[in-house]
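Let's take a walk through this structure together. Please have the coordinates open, and follow along one element at a time.

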Amino acid sequence: MSLATCVTMPASTALLLLIVKLRGGPSPADYMAAVDVPLSRILGWVGMTLILGMVASVVSAAVDRPIPEFIISVYEGAYFYPVLWVGLVACAPVYEEVLFRGFMFRGIAASPLGPAGAVVLTAVVWSAAHFQYEHFELGMLIAFGLVLGMARLRTRSLLPCIAMHAVFNLLAAIEAMAALGLAGW
Amino acid sequence: MNPGSTLERPQEVIEAGPAAESSAEKGPLGIGATFAVAVGIWLASFCLDFFVLFVVTVV
């Protein structure tokens, strides 16, 4: 599954960028808002992600939430953990952020729903796309999706979103590895 | 100001001609087309996922 992620997500990202390029108009980078942002601003949003991740961990522990079955099956099916980590921390964040906070955000923000509608709708749709999780995890994903949308709106760039998503997935991966006792791989 | 006046357009667009002008003025996709393309990409990634899994596990 991790190998499939490493193949599929870059290919899907490339396909989306190709569609935007073939359509004409703004370049794919402009369309997706892949513009430079000062590192200090990116780090600020990453810090907010760390706080959100810690809150999620504390709430999960407080309600004695088990590790989702999907996560367990992913780790059990992984042949080589570094490939899984590349998929989780690099391929998935880039693909999902380009699709949701890049492509979809741009289209929805230009519609009558406006930028606020784009923040909410991309968070809801992105969360719904993770249908492999249960309601508790989906709720957390909506909360994180709203923060990602706010970062996209405030910075006018996709780059902080990719950095935040990568850090969020990295935290989740470390937490899952520790909980599953796989730290000594 | 008269809409469409050359005063409102970037100089490089005016110099490049009508083709560049229509390309530069092209805005984002509408919300319906945006969702259609996004769902298409998402489904394509699923199909590719299953194909890669098939290749890895069966072939």
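Predicted model: local features only at pLDDT ≥ 70, side-chain atom pairs only at ≥ 80, totals over all residues.

For chain A the mean pLDDT is 90, with 97% of the residues at 70 or more. Within chain A, helix 6 (residues 114–128) has the highest confidence, at 96, while helix 4 (residues 69–77) has the lowest, at a mean of 79.

Back to helix 7 itself, which runs over residues 135–155 of chain A.

Now look at which parts of helix 7 of chain A are buried: A:Met140, A:Leu141, A:Phe144, A:Gly145, A:Leu148, A:Gly149, A:Ala151 and A:Arg152. An α-helix has 3.6 residues a turn, so residues three or four places apart point the same way. The cover over the buried residues of helix 7 includes helix 3 (39–62), helix 5, helix 6 and helix 8 (159–179) of chain A.

Helix 5 of chain A, residues 81–109, also takes us to the partner chain: helix 5 and helix 1 (2–23) each supply at least two residues of the side of chain A that touches chain B. The contact draws 23 residues from chain A and 19 residues from chain B. Helix 1 of chain A gives the most to the chain A side, with ten residues. By class, that side of chain A holds 16 nonpolar, six polar and one charged residues.

Technical notes: Residues numbered from 1 in each chain as written. Chains lettered and ligands numbered in written order. Contact = placed C-beta atoms within 7 Å. Helix = DSSP H or I, 4+ residues; strand = E, 2+ residues; numbered from the N terminus. Nonpolar A, V, L, I, M, F, W, Y, C, P; charged D, E, K, R; others polar. pLDDT = per-residue confidence, 0-100. Expected span 1.5 Å × (residues − 1). Buried ≥ 20, exposed ≤ 12 C-beta atoms within 10 Å, placed from the backbone.
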